Each structure stands twice: as structure tokens, then as C-alpha cells.
Amino acid sequence: RDATVTGVQTCALPIYHPRMIGALPGWKDDLTRVQTMGFSDVCLGPIFAAGASGDILLTDDFERAFPHLQPSGDADATVQQLAAIARDAGLSLLLDIVLDRVAADGTMARSAPHWFYRTGASDIVDPRQEQLELDALPARFDDRQRTAEFAAWWIDRLIRLAKAGAAGFRLLGLALVPSDFVANLIEGVKSEYPSCLFLGWTPGLDWARHIELEDAGLDAVFASTPWWDGRAPWFIEEYNRVRRIAPRVIGVAEAPFEERLALRLARSGQSDLRAGYVRGR
């Protein structure tokens, strides 16, 4: 929703965990309340069936929906119903997409071993590098032909989700995904759905990645507002860097799927919210 906070135009974006509401019929009232609060969009965490660990960021099968939404349901049909519920509530539906990993015990890992696999180096604990959990398989981008095939698969998958009603996607796991892969993905989907939005989750990325992503074609990125104390100057430096990637910089009030802001504010005695959707100039 649009607002002005200390002279900065902002617009908040709610991000929902798919377990928050449960089965599809329960989403109608909740999304209606979201719209009455003044929001125009809602983002939903990965809606796909997860692996045995239950981690929603580790997908088992991209064709099946998360069972809390619709037991054994088709993912595209689930998105179609969610988009219709959101649309009836006056909202656009955005979906989370994890690009860099899948569940090691999942259908996707078994069906595409040429796209997802570990190397010896992947299992060496190195505090200087991001480490994936053992129940995750990383996506591989070290072979040009396989990477092109992987990009084509993702383009087709996202086009089908857009056709089902998704208005856009929040891309997660960008730390090791080549910028040209991201650019090709966005270009491929937008060739069919020009209005489709692509939001890149940038908090935690090495700042060198900011430069690499400048030509990726992202519509919006995220600032690290949940971790900012409201005073430290690094936030301004980060904002000035990420605003070169996309025309909009989103600042969320709390880290998605982590400790709720209300609990943190209750402990600290604070009552202010410093977050929103900062539109780049």
C-alpha cells in the first residue's frame, strides 16, 4: 500500500507461508482482510510439494501442490484457484520460486540428475561460502548446454504458472545463479507475459553480485530492512547499490518465514515499522 515515511514513498508487500492459512477455502477471508488493509499484491511462499524434511524451500515435485493447500493436488490448478481467490479479493498473486536447489530425495532430483547434483567440493565445509543442507541438491550451472536446457525448462514452468494466474515471481537463491541465466529466464517468460513481474531476493547476497545482476531485467529487489537498526549507514550504501539492479526496492518489515516482527517489538518495547516498497527514482 502506498504511504510516505520520512519523505520516502513506500508500498508494503505481504509474504505468506503456505502453512499459515491451510486449505484453499480458508484463504478467502484472510486475503479479503489483506485487501481492506490497503494492499494490492500478496506473495505466497513456494506452493510446491516439499521433500521429506518438510522444508518448503526444498521442492520435491514442481507439478504437485503443497499438501497443506490442496492434498495431492495439481500445482497449476492450485495456483489457478489461489489467483481467483486473490483476484476476487482485489489482489494480484505473486509466487516464490527457488532457483538454486531442490530436495535431494525428491521427484525433481531423480528426474533431472544432470541439473541437480553434488560435487566433492559441495560437501566440504567452508565458512567463506554458502553451504546447502544435506537434504538439498544444488542446481548446477557449469555446463552451457545443460544450463540452457535448465533455463528452457524454467521458462516453460513459469509461463504455465503465469497462465494459471500468477502475476509475478519472487526469485530466491540468487547467490550462485548466473546473471545471464536470470536474464534469459525473465526474457523468455516476458515474451509470453510482458506484464509478469520478477522480484529478486537480494538480502544476504555478496555485494559483488549486485553489479552482476544490473542487466538481469528484474522489476524489483529487496533491501535488508529486517536487519537494520534504523541508524547504521550500511543500509543507505546497500540501497544505493541495489537500486541500480531494478527500478523498485522493496523493504519488508520482517524476514520472511522467520521470527515475527510483533514478537521482536514486544521484547524491545518498540512500536514503529520501518519497511515498505521503496520506488526507485
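Predicted model: local features only at pLDDT ≥ 70, side-chain atom pairs only at ≥ 80, totals over all residues.
## Overall fold

Of the contacts in the chain (heavy atoms within 4.5 Å) with a separation of 6 or more, 70% are between residues 24 or more positions apart. The chain has 8 helices and 14 strands, taken as DSSP runs numbered from the N terminus, with helices being H or I over at least four residues and strands being E over at least two. Buried residues, those under 20% relative accessible area with a 1.4 Å probe and protein chains only, make up 50% of the 281 residues. The chain exposes about 13,700 Å², of which carbon and sulfur atoms supply 52%.

Residues are numbered from 1 along each chain as its sequence is written, and side-chain values use heavy atoms, with hydrogens and water left out.

The predictor's confidence in each residue, called pLDDT and running from 0 to 100, has a mean of 83 in the chain, and 82% of the residues reach 70 or more. Confidence is lowest in strand β1 (residues 2–5), with a mean of 32, and highest in helix α5 (residues 179–190), at 98. Over residues 1–11 pLDDT stays under 50, and the model has 26 contacts beyond four places in sequence for them; over residues 271–281 pLDDT also stays under 50, with 44 such contacts in the model.

## The cavity

Rolling a probe the size of a water molecule over the atoms shows where empty space is left. A cavity is a set of points on a 1 Å grid over the protein atoms alone where a 1.4 Å probe fits but cannot get out, and its lining residues have an atom within 4 Å of a point. By this rule there is 1 cavity of 30 Å³ or more, and the largest cavity has a volume of about 30 Å³, counted as the space filled by probe spheres set on the points, which are joined across faces, edges and corners.

The residues lining the largest cavity are W27, L31, V42, L44, L82 and L93. Helix α1 (27–36) and strand β4 (41–44) are the elements that give two or more residues to this lining.

## Leucine 31

L31, one of the lining residues, lies in helix α1, and L31 counts as buried because its relative accessibility is 3%. Leaving aside neighbours within four places in sequence, L31 is in contact with V42, I85, A86, A89 and L91. The C-alpha atoms of L31 and A89 are separated by 6.1 Å, although the two residues are 58 residues apart along the chain.

Methods:
Areas by Shrake-Rupley, 256 points an atom, 1.4 Å probe, with all protein chains shown as cover. 1 Å grid on protein atoms, 1.4 Å probe; cavity = no way out; pocket = protein on both sides within 12 Å on 5 of 7 lines; lining within 4 Å.
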